[in-house]
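The sequence and structure come first.

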Amino acid sequence: MKFIDLFAGLGGFHQALERLGHECVFASELNGDLADLYERNFGIRPHGDIREAHELVPAHDILCAGFPCQPFSKAGDQLGFDCPQWGDLFDYVIKIIQRHSPRYLIIENVPNIIRHDGGNTWKRVRQRLRDLGYDIDSALMSPHMFGVPQLRQRAIIVGARDGLGDFEWPKATHEADEVDIRSILDERPSDAKPLPPAFVTYLKTWQLLLDALPSDSELPSFPLWAMEFGATYPARTGTPIGLGLTEMRAYSGSFGRSLEGVAEEDILDALPPYARDGNAYFPEWKIQFIEQNRQFYHRHKAVIDPWLPSIQGFAPSFQKLEWNWKNGPRDLNQSIIQFRASGIRAKRPTAAPSLVALTTSQVPVIPWEGRYMTMRECARLQSMGKLEHLPDTQTAAFKALGNAVNVDVIGSVAAALLSETEPTVGSLKLPLPKRPAQLQAAVA
């Protein structure tokens, strides 16, 4: 069958559909560098802005689209269809469907599109597609479900003009703890960016605290905020700004430093950045984190106090540690690390953190080799490891990979949607059971 690849990026839809024997007859991609790569990889020159190129779309059987997710992402402003830059792009997808009535639709976006605006956005999308005569279904799926070591849930929407009939979502072949990130890693690749010395120091310093804590005391699931250790400024009764900065002189700020005698114009700087909230009250989640950290400090004051001066010169982001490996060995060098604005995140090495439109500073770190993951390794997390050409720079590559659709996820769904026989994705046979109950519940 013939398919079109809208908002094509690195061509995840193209790779998945071509692997199943289908032919791409049109692609669109606004980014000129990605369009160049697409042409080099697939021999098709994508058209640019779909707003200008939508009338050039030829007849086709399958419409594939991963329209920009920024308007619906929890990480953005969540303006949805009101987003001035991207909000109207779904309208052009609708125009193409109206004109050509393709037999099948496969659309991918962030999970929050299902929940955005209290579910009204998803209801609007579903109804507009149904009004065009399509039977519509959706599910939340992640690469780890098919053996790819990445936890990255995405909303997949399928549609069929003649009805979905006996279509069934492909069954997961793996649980999250059954994948291993080492399956996609190269051993000490020569092109890997080494971890800068300062970042090595961050990890060594936090490791000293982990080593000093009592072995029979479970590491907390909430993020550790070192600036909160010893702090006493009010949290539940109001923010420092809401209560009045002059009132803060009776308390202690970051790292337990007394605010007595501090000039009013300097009080904010003596508080943790997250406590400089201009609202009258903190949100409940922040109050809980502050209180939990203070309780943790009081339980372990004897080991924290000697350690605390060693971290005070770090950038605020790296004065925070998120330990996401429940019951795992207390060894940062055995975990997967991500340096984020919210703190240093340590996860179990079964799967990589979700690839987003990453900056190079957020690329997952392989601490046992003292390096960042390479572009090629991150490409494998999107099932694009054999893609011949990737962007020339790390920054461009990680951004493109973060925006890409996972080839194995799309391939498994497309195989189930487009074939009445047991489908094969690459060398992986995918049974077609009844829709998993957990997916049904997730999108109900």
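With which residue does D36 form a salt bridge, and how far apart are the closest N and O atoms? The partner is R45, at 2.4 Å; a salt bridge is a side-chain nitrogen of Lys or Arg within 4 Å of a carboxyl oxygen of Asp or Glu. The model is predicted: local features need pLDDT of at least 70 and side-chain atom pairs pLDDT 80 or more, while totals for chains, interfaces and linings use all residues. Residues are numbered from 1 along each chain as its sequence is written, and side-chain values use heavy atoms, without hydrogens and water.

The whole structure holds 18 salt bridges, including these:

| Salt bridge | Closest N and O atoms |
|---|---|
| D36 and R45 | 2.4 Å |
| R45 and E39 | 3.3 Å |
| E108 and R154 | 2.9 Å |

D36, E39 and R45 are linked in a network. Relative accessibility is 36% for D36, 36% for E39 and 40% for R45, so R45 counts as partly exposed (buried is under 20% relative accessible area, exposed over 50%, partly exposed in between; 1.4 Å probe, protein chains only).

E108 forms its salt bridge with R154, and the pair links strand β4 (residues 104–109) to strand β6 (residues 154–160), 46 residues apart; strands are DSSP E runs of at least two residues, and helices H or I runs of at least four. E108 is buried at 4%, and R154 is buried at 12%.

T374 lies in the loop between β12 (371–372) and α12 (375–381). Its relative accessibility is 1%, so T374 counts as buried. Beyond neighbours within four places in sequence, T374 is in contact with P189, D191, A192 and F398 (heavy atoms within 4.5 Å).
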